[in-house]
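Colleague: Please bring up the model so that we can go through some of its side chains together, one question at a time.

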Amino acid sequence: MARYDTIPPVTGTFDSFCIYKMYGRYFLRSRSSLTGERVKKDPAFRKTMQYAALLAKASRIGSAVYALVPAERKEHALYRKLTGEAMTWLKYQWKEEDIIAYLAKQYTRTAIPAKEPAVTILKAPHRRRSRRIRSTLQDLLEAKPVKKLSRHLLDWRDREKEYRRRYNEAITAYPWGEYVMM
């Protein structure tokens, strides 16, 4: 990042470099290869976008709790702290209502009454009688034709049997077999 000593005519991105003002000085740097579209759609930035979505929720929660804070205690640092705590609890998969109630109790010393859940009347679902015929004991005992295995599977079984037979012979023919306790 280079410092630009003279006042540039413009700020912004041009060809392969970017001019910007920071702390009253102008700086020059190379252009970034990242674009907003790439960050939003590229699978490499999936986690970034997931955390951005969590931060958006946390910001709304922080705003809701900040509105409950008395005017004499309001300052931007408190809002940032509320948002950070909300982000932490969202990572632990708390529900938004629970987070708002918890933070309101912590920072405003007033508890938010829990919302009454909507009353739902559960009815047993109507079930039609099944049209399939129930199998009888005779049907279960009846011999069914066995599906014939493919030639490749049969060959593999034979090779596997042969391999196991040779392996077991090698183990039993171990030269120090008499010292092995069984």
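Colleague: Which backbone oxygen lies 2.3 Å from a polar atom of the side chain of Thr108?

Modeller: This is a predicted model, in which local features need pLDDT of at least 70 and side-chain atom pairs count only at pLDDT 80 or more, while totals for chains, interfaces and linings use all residues. Residues are numbered from 1 along each chain as its sequence is written, and side-chain values use heavy atoms, with hydrogens and water left out. Thr108 is found in helix H4, residues 96-108, helices being DSSP runs of H or I with at least four residues, numbered from the N terminus. The oxygen that lies 2.3 Å from a polar atom of the Thr108 side chain is the backbone oxygen of Ala104.

Colleague: Is Thr108 buried or exposed?

Modeller: Buried means under 20% relative accessible area, exposed over 50%, and partly exposed in between, with a 1.4 Å probe and protein chains only. Because its relative accessible area is 13%, Thr108 counts as buried.

Colleague: Which residues does Thr108 contact, leaving aside its neighbours within four places in sequence?

Modeller: Contact here means heavy atoms within 4.5 Å. With those neighbours left aside, the residues in contact with Thr108 are Val65, Leu68, Val69 and Leu103.

Colleague: How far apart are the closest N and O atoms of Asp155 and Arg151?

Modeller: A salt bridge is a side-chain nitrogen of Lys or Arg within 4 Å of a carboxyl oxygen of Asp or Glu, and by this rule the count comes to six. Asp155 and Arg151 both lie in helix H6, four residues apart, about one turn of the helix. Arg151 counts as exposed because its relative accessibility is 55%, whereas Asp155, at 31%, is partly exposed. The closest N and O atoms of their salt bridge are 3.5 Å apart.

Colleague: Which residue forms a salt bridge with Arg164?

Modeller: Arg164 is exposed, with a relative accessible area of 52%. With the closest N and O atoms 3.3 Å apart, the residue that forms the salt bridge with Arg164 is Glu160.

Definitions and conventions. Helix = DSSP H or I, 4+ residues; strand = E, 2+ residues; numbered from the N terminus. Polar contact = N/O pair within 3.5 Å; in protein donor to acceptor, adjacent residues only side chain to side chain.
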